[in-house]
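Welcome! Try each task before you read its solution.

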Amino acid sequence: MKKILALLLAVFMVVGLFAGCGGDKPVETTAPKADDPVETQAPVVDVTEPPAAQEVVLPRNETLYFAGQQWGTVNSWNVIGTNQNNAMAIAGGASGYRSLMFETLYMYNPLDGGLYGLLANDDYAWNEDMTQMTMTIKDAAKWSDGTPVTAADVVRTWTIGVEIANGTGTTFGAYIASIEADGQKVIINAAVNEAGQPVNPLKVLDFLTGAPIAQAAWIDTLAARCNNDATAILNDAGEDVVWSGPYTKYYADDQKVVLIRDDNYWGQDASMWGKLPVPKYIAHTIYADNPAGETALKAGEVDVCQQFIGNIQNLWLEDGLPISTYYEEAPYGVCLTMPTAWYNMNMPVLAENTALRKAIALAVDYDTIIANAMTNQSPSFADVPRSLMNPTDGEQALYDHDAVADLQWAGNDIEGAKAMLDAAGIVDSDGDGWREWNGEKISLNAVCPNGWTDWQASMEVVAAAGEKIGVEITTLYPEYSIYQTVFTDPAQVEYAIFMWSPEAASPSNPWTRVNQFLGKDYVGVSNNWSGNWGQYVNEEADALIKQIPLTTDQDELVRLYTELTKIYLTEVPSFSLMYRPSVFHAVNESVWTNFPNDDNGIPPMDCTDGYGIKALYELELVG
């Protein structure tokens with residue numbers, strides 16, 4: 001038996017070797033299975049050396065494997081650049097930045113809405129009129145070259161972002177006027193309007209958790225070698241980048257991306273985590289598609305899978321696999337967003353008929369959508385009545401449920417929808433089975449991208465609801481390359497009812513999402529990826545929305561959000577079809593355990609995003 005194990009171990013070591021720079025392509029194309037030998041220990045690696053110049057093996061008991069995030073080869077490691085296609089190192093969402101390699105000032109926890117200090121201490125504070133925010137950088141925070149992280153690094157990250165119009169500069173430029181340094185104190189000056197009020201303090205909070213901080217000295221080096229040309233800076237490969245996070249680049253090709261733990265990481269200081277993250281390696285095999293990633297998860301070749309898997313409960317209930325999700329029961333994940341059907345207000349038949357909009361929404365069988373498109377990985381609208389809020393406790397507490405109860409609907413109310421249309425005079429006058437408006441048959445389409453199967457299933461249910469109430473709705477599934485150019489056009493009249501998702505959770509939510517549903521700011525904006533894709537205008541709603549960022553009294557916030565919910569449920573400019581996680585979280589516990597779950601308070605954010613990175617410090621090996 002020992003000889004057999006030795007032979008298997010030798011084979012494992014061979015297939016795990018990574019070729020040196022300029023050598024042959026690595027022969028390992030998938031992660032080792034959970035039952036492969038794990039006795040091998042990796043050699044001590046100097047992370048300051050080019051990773052591709054070293055031959056390494058990834059012991060299974062030191063490596064956390066991912067799926068569903070990295071698609072295609074990494075383009076760059078330039079944290080201030082663009083088009084990096086580097087999901088494991090440079091990626092950010094509303095719910096938190098992926099801080100394995102590059103860190104933000106604070107981490108966001110969507111479970112409690114809290115901001116937790118990362119590079120900065122837990123001391124951010126506004127002045128009285130919310131035009132200036134201050135915080136201090138942690139004394140222990142260090143760059144990978146051993147130099148301290150300073151307030152000057154934050155300033156330079158901001159100024160270069162504005163100069164070259166990168167993601168940080170364009171996302172937050174309208175809300176931040178300038179950032180200054182006073183020793184280790186960071187001073188953020190909010191952009192103000194003509195009345196001297198801050199444009200939006202909530203979006204400044206988003207900057208704290210969504211903007212990765214880069215080293216000023218490295219930025220200056222990069223800018224110098226690019227002759228301060230913005231395009232060149234944005235497209236520099238950044239191979240010499242300096243980082244502050246617990247991991248760094250180790251190996252990347254068209255088959256795999258690997259990060260290695262920096263054992264000199266400053267976060268093991270008592271002022272932060274007090275220890276290093278448990279896995280030495282973070283690895284992501286580049287799979288061809290979702291089915292390939294799902295197969296690898298089932299085989300134990302993937303530990304953390306960020307993919308939608310239909311009827312995921314069958315993996316443990318029927319197949320007996322050691323796979324789990326955040327919740328043991330449906331909906332299995334934390335639903336933070338609401339894929340929504342938007343009405344096109346450029347079409348008079350929709351813009352001028354509130355009864356038509358609401359009748360269609362009343363008639364849709366949401367339980368069928370949740371059962372078929374989401375395989376019950378969403379609470380129903382009976383469980384969490386519809387509003388402008390996601391299902392989290394924090395957001396649900398922000399409006400008066402009793403005050404809007406008579407406006408909410410759970411769906412499949414065919415008779416109620418028919419009665420509403422009849423009362424509005426939208427009837428079938430010629431007996432052909434279809435209702436008319438202004439003497440013409442109402443004919444609409446329901447649209448989403450081709451191949452987005454769960455969304456297509458949802459649109460089929462919307463079309464079926466139309467038929468049941470005498471409103472013709474046909475489905476249309478253009479390729480995404482076409483879809484994205486049409487629904488973002490503020491003047492488009494090709495799509496009558498079309499799907500897109502508002503933001504999930506962030507420090508500025510639910511305000512940002514409410515603004516996406518009802519705000520006037522996005523109306524008429526070309527290439528609109530920001531919100532209000534149906535071009536709905538309601539001056540009363542817009543005035544209420546503009547009060548929220550400057551409101552700190554909790555009772556007043558509840559009043560404002562309740563009034564906005566009343567408007568939304570009365571006017572129905574769009575209607576959400578389901579609740580959905582912003583990221584999916586399925587884990588195989590054959591190698592690692594103690595992943596985020598509803599008992600440990602760590603959000604299921606891929607073990608990498610925002611406060612979700614705490615999971616890496618709590619993982620344990622099975623057995």
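**Exercise 1. How do the axes of helix α18 and α19 meet, and at roughly what angle do they cross?**

Before the solution, some ground rules. This is a predicted model, in which local features need pLDDT of at least 70, side-chain atom pairs count only at pLDDT 80 or more, and totals for chains, interfaces and linings use all residues. Residues are numbered from 1 along each chain as its sequence is written, and side-chain values use heavy atoms, with hydrogens and water left out.

Step 1. Locate α18 at residues 539–547 and α19 at residues 554–571. Helices (H or I, at least four residues) and strands (E, at least two) are DSSP runs, numbered from the N terminus.

Step 2. Compare the axes: those of α18 and α19 come within 10 Å and cross at roughly 155°. That makes α18 roughly antiparallel to α19. Axes are lines fitted to C-alpha atoms, for helices over the stretch in contact, and angles run from 0 to 180 degrees between N-to-C directions. Angles under 35 degrees count as roughly parallel, over 145 as roughly antiparallel, 65 to 115 as roughly perpendicular and the rest as oblique.

Step 3. List the residues that touch (contact means heavy atoms within 4.5 Å). From α18 come E540, A541, L544, I545 and Q547, and from α19 come E556, R559, L560, E563, L564 and I567.

**Exercise 2. Find the salt bridge partner of R357, then say which helix each residue lies in.**

Step 1. The partner is E571, with the closest N and O atoms 3.6 Å apart. A salt bridge is a side-chain nitrogen of Lys or Arg within 4 Å of a carboxyl oxygen of Asp or Glu.

Step 2. R357 belongs to helix α10 (residues 354–363) and E571 to helix α19, so the bridge ties together parts that are 214 residues apart in sequence.

Step 3. Check the surroundings. R357 is buried, at 1% relative accessible area, while E571 is partly exposed at 25%. Buried means under 20% relative accessible area, exposed over 50%, and partly exposed in between (1.4 Å probe, protein chains only).

Step 4. Look at the rest of α10: nine of its ten residues are buried, so the helix is largely enclosed by the rest of the structure. Among the buried ones are L356, I360 and L362.

**Exercise 3. Which residue meets D609 in a salt bridge, and which network does the pair belong to?**

Step 1. The side chain of D609 meets that of R98, at 2.8 Å from N to O.

Step 2. Trace both along the chain. D609 sits in the loop between β25 (592–593) and β26 (620–621), and R98 in the loop between β3 (96–97) and β4 (106–109), 511 residues apart.

Step 3. Both ends are buried: D609 has 6% relative accessibility and R98 has a relative accessible area of 7%.

Step 4. Now turn to another pair, D454 and R580, whose side chains form a salt bridge at 2.7 Å, N to O. Here D454 is in helix α15 (residues 453–468) and R580 in strand β23 (residues 580–581), 126 residues apart. D454 and R580 are both buried.

Step 5. For the network, salt bridges with shared partners join R98, D606 and D609. The whole structure holds 23 salt bridges.

**Exercise 4. In what order do the seven strands of the open sheet run?**

Step 1. The order is β10-β11-β12-β1-β13-β24-β14, with mixed pairing. Two strands pair if DSSP finds at least two bridges between them.

Step 2. Find the edges: β10 (247–252) and β14 (323–325) each pair on one side only.

Step 3. Follow β10 to its neighbour. Five bridges join β10 to the antiparallel strand β11 (residues 256–261), and Y251 has V258 as its bridge partner in β11. A hairpin of three residues connects β10 to β11.

Step 4. Compare another pair: β1 (residues 63–67) and β13 (residues 304–305) run parallel and are joined by two bridges.

**Exercise 5. Which strands form the edges of the four-stranded open sheet?**

Step 1. Its order is β6-β7-β9-β8, with antiparallel pairing.

Step 2. The edges are β6 (125–126) and β8 (176–182).

Step 3. β8 pairs with β9 (residues 185–190) over six bridges, and S178 stands opposite N189 in β9.
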